[in-house]
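Subject: Structure handover

Hello,

Here is the structure for you to look through. My notes on what was found follow below it.

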Amino acid sequence: MALLTPEDLANMTNALVENDRLITELTDYSLDGLCRKIYGTVPRNEKIAIIPVTAGNGIIGSFSESLLFTVQHFGMDGFITENTDVAGYYEAVTNGADIILMADDLAYIAHNLRNGKIAHNQICTGRIYAEILCHAKDYADDKDVLVIGLGKVGTPALETFLNEKQNVYVFDVDSKRVDEILTDYPVFKYDPAKEPKSFFKIFEATPCADTICESALKENSIVSTPGIPLGISDELIEKYKVRVVSEPLGIGTLSMLYDVFD
Ligand code: NAI
Ligand code: PYL
Ligand code: MG
């Protein structure tokens, strides 16, 4: 999995606040209001422990602090354990944690110790970024959506779009992956060379820049993308007045928490 860097997280607090405002403008739901709606859950003063994990490539600078900012920004009770790994887990539980947040290089999870619910960052990230597009009030009647990147985040997003009765067009540089998806899901292959098509709603989840081509854009398109780096150039954003929902960690984290709330 592509790992975050401290540089990716440097502007995370501003990005979370700015994207919450944009999400509210686009959908008439605040980010946590949208999470409440899609999951049907609410926070009930759960104590949330964030456990730094040294496995693999180790601790990422400001990763735990970014999670704590997210938890506290949305009015929840959180703490980062002083210990890491297993000692941190023991510290979390003996200090009354209701929910655990922790990540190694393969999985970032939220685990509710009270109701047993567990959430995975890639699934919850794909879901929330897709739901933002599904709730875009300006394009409620336009069911076409383009999904670029059919991996561990893009596939849950695609499933979300289908559940929300969208017409899903898919693209990935891995043609075998595209064929798998076309076999498994009722979606359309996006092939701009053969059949150019532009979209008001574009989802992107790839580890590459500039994956969104000009021919896919309309004036005032919305791009909802967890992908890092950003998949659309500043030039195209300006030329087509594109609204971009993009943030490195907090949006996906809030989605995970609402997935494990009661
Ligand atoms: P993945 O590796 O499972 O999937 C990425 C997919 O993108 C692959 O199918 C790959 O073939 C495709 N791809 C690569 N380059 C492409 C290109 N130029 N054009 C079209 N498709 C291309 O990765 P995963 O786990 O789905 O993550 C995707 C991105 O989302 C990564 O950058 C990751 O860091 C980021 N991410 C961001 C989060 C956030 O909260 N902002 C949360 C989780 C992941
Ligand atoms: C959850 C992020 C989103 C994109 N890539 C994922 C990533 O970077 N995962 C690794 C997270 C490791 C955290 C480290 C720590 O600081 O506790 N083990
Ligand atoms: Mg995010």
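Around ligand 1 there are 25 residues, and those that come nearest are Lys152, Val153, Asp172, Pro226 and Glu247; a residue is near a molecule or strand if one of its heavy atoms lies within 4 Å of it. Please note that this is a predicted model, in which local features need pLDDT of at least 70 and side-chain atom pairs count only at pLDDT 80 or more, while totals for chains, interfaces and linings use all residues. Residues are numbered from 1 along each chain as its sequence is written, chains are lettered from A and ligands numbered from 1 in the order in which they are written, and side-chain values use heavy atoms, with hydrogens and water left out.

Ligand 1 also has polar contacts (pairs of N or O atoms within 3.5 Å). An oxygen atom of ligand 1 lies 3.2 Å from a polar side-chain atom of Gln122, and an oxygen atom of ligand 1 is 3.3 Å from a backbone N or O atom of Pro248. A polar backbone atom of Val173 is 3.5 Å from a nitrogen atom of ligand 1. Taken alone, ligand 1 exposes 860 Å², of which the protein buries 84%; accessible areas come from the Shrake-Rupley method with a 1.4 Å probe.

Ligand 2 has 15 residues around it, and Ala2, Leu4, Val53, Ile60 and Ala103 come nearest. Its polar contacts include the following:
- A polar backbone atom of Ala2 is 2.9 Å from a nitrogen atom of ligand 2.
- A nitrogen atom of ligand 2 lies 2.8 Å from a backbone N or O atom of Val53.
- For a backbone N or O atom of Ala103, the distance to a nitrogen atom of ligand 2 is 2.7 Å.

The protein buries 93% of the 470 Å² that ligand 2 exposes when taken alone.

Next, the sheets. Helices (H or I, at least four residues) and strands (E, at least two) are DSSP runs, numbered from the N terminus, and two strands pair if DSSP finds at least two bridges between them.

One open sheet has five strands in the order 2-1-3-4-5, with mixed pairing. Strand 2 (77-80) and strand 5 (118-120) are at its edges with a single partner strand each, so one side of each has no neighbour in the sheet. From one strand to the next, the twist averages 20°. Strand 4 (residues 108-112) and strand 5 run antiparallel and are joined by three bridges; Ile109 has His120 in strand 5 as its bridge partner.

Helix 4 (residues 85-94) lies across strand 1 (47-51), strand 2, strand 3 (99-103) and strand 4, at about 170° to strand 1. Contact here means heavy atoms within 4.5 Å, and angles run from 0 to 180 degrees between N-to-C directions of axes fitted to C-alpha atoms, for helices over the stretch in contact. Helix 9 (residues 250-260) lies across strand 1, strand 3, strand 4 and strand 5, running at about 30° to strand 4.

A further open sheet has six strands, ordered 8-7-6-9-10-11, with parallel pairing. Its edges are strand 8 (188-189) and strand 11 (243-245); each has a single partner strand, so one side of each is left without a neighbour in the sheet. Three bridges join strand 6 (residues 144-148) to strand 9, and the two run parallel. Leu146 is opposite Ile202 in strand 9.

Lastly, a search of the whole structure finds seven aromatic pairs (rings of Phe, Tyr and Trp, its six-membered ring, with centres within 6.5 Å; planes under 30 degrees apart count as stacked, over 60 as edge-to-face and the rest as tilted). Phe161 and Phe203 form an edge-to-face pair, because their ring centres are 6.1 Å apart and their planes are at 75°. This pair links distant parts of the chain, 42 residues apart: Phe161 is in helix 6 (residues 154-163) and Phe203 in strand 9 (residues 199-204).

Regards

Terms used
A polar contact is a pair of N or O atoms within 3.5 Å; within protein, one must be able to donate a hydrogen and the other to accept it, and residues adjacent in sequence count only if both atoms are side-chain atoms.
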